[in-house]
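This briefing looks at where selected side chains sit and what they touch. Please keep the structure open while reading the points below.

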Amino acid sequence: MNFTKKNILISFIIFLAVLLFQWFNYQTVQWIPLANSLFLVALPLVIIGLFGFVLSNGAFDFFHYSMKKVAKLRKRKQDTDEIEEDNDPQALSKSIGQGYHSVLTVGMILLVLSILFLWDYFL
């Protein structure tokens, strides 16, 4: 995870937005609604980040490669004039890149804040 100033600033801005949202809806700041709201914001970010993490590690590379091979075989049956090259079996994991790191970091920061607020409520 990248704990850069940019990611921390984005997390802080999202936290302030959730705090203002709670203030306008409830006219007070309470621990449980704040923890719930932060969790609901953090959850999609963590899911997207983990999805990118799984794809970039190559979990679906063989499936992607085999589906391309099947598509080529079907295309060759219809059009025998074209000769196609073999693709790289790791093309899917290479195409994902590292953009998911920021999304995962921001989501994890917000998730940790949500858990801390919930923990503070019960203590």
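Lys68 lies in helix α3, and in this predicted model the residue is partly exposed, with a relative accessible area of 33%.

**Nonpolar surface patch**

- Leu50, Phe53, Val54, Phe60, Phe63, Met67 and Val70 make up a nonpolar patch on the surface, and together they have about 620 Å² of accessible area.

**Nonpolar core**

- The largest nonpolar core has ten residues, namely Phe15, Val18, Leu34, Ala35, Leu38, Ala42, Val106, Leu110, Leu111 and Phe117, and the elements giving two or more residues to this core are α1 (5–26), α2 (31–56) and α5 (100–122).
- Ala42, a core member in helix α2, counts as buried because its relative accessibility is 0%, and buried means under 20%.
- Once neighbours within four places in sequence are left aside, Ala42 is in contact with Gly107, Leu110 and Leu111.
- The C-alpha atoms of Ala42 and Ser114 are separated by 8.5 Å, while the two residues are 72 apart along the chain.
- Leu110, also listed in the core, is in contact with Ser11, Ile14, Phe15, Leu38, Val41, Ala42 and Leu45, again leaving aside its neighbours within four places in sequence.

**Ile14 in helix α1**

- Ile14 lies in helix α1 and is partly exposed, with a relative accessible area of 22%.
- Not counting residues up to four places away in sequence, Ile14 touches Val41, Leu45, Val106 and Leu110.
- Ile14 and Val46, which are 32 residues apart in sequence, are 14 Å apart in space when taken C-alpha to C-alpha.

**Aromatic rings**

- The structure holds four aromatic pairs, and ring pairs link Phe15, Trp31 and Phe117 into a cluster.
- Of the residues in this cluster, Phe15 and Phe117 are also listed in the largest nonpolar core.

**Ser56 in helix α2**

- Ser56 is found in helix α2, where it counts as buried because its relative accessibility is 16%, and the limit for that class is under 20%.
- Leaving aside neighbours within four places in sequence, Ser56 is in contact with Ser93, Ile96, Gly97 and Tyr100.
- The C-alpha atoms of Ser56 and Ile32, residues that are 24 apart along the chain, are separated by 35 Å.

**Gln27 in the loop between α1 and α2**

- Gln27 lies in the loop between α1 and α2 and is exposed, with a relative accessible area of 55%.
- The phi of Gln27 is near 55 degrees, which is a positive value in a residue other than glycine.
- As background to that angle, most residues other than glycine have a negative phi.

Notes
Residues numbered from 1 in each chain as written. Predicted model: local features only at pLDDT ≥ 70, side-chain atom pairs only at ≥ 80, totals over all residues. Heavy atoms only, no water. Core = buried A, V, L, I, M, F, W, Y, C linked by side-chain atoms within 4.5 Å. Buried < 20%, exposed > 50% of the residue type's maximum accessible area, 1.4 Å probe, protein only. Helix = DSSP H or I, 4+ residues; strand = E, 2+ residues; numbered from the N terminus. Contact = heavy atoms within 4.5 Å. Patch = residues over 30% accessible without salt bridge, like charges linked within 9 Å, V, L, I, M, F, W, Y side chains within 5 Å. Areas by Shrake-Rupley, 256 points an atom, 1.4 Å probe, with all protein chains shown as cover. Salt bridge = Lys/Arg side-chain N within 4 Å of Asp/Glu carboxyl O. Phe/Tyr/Trp six-rings, centres within 6.5 Å; stacked < 30°, edge-to-face > 60°.
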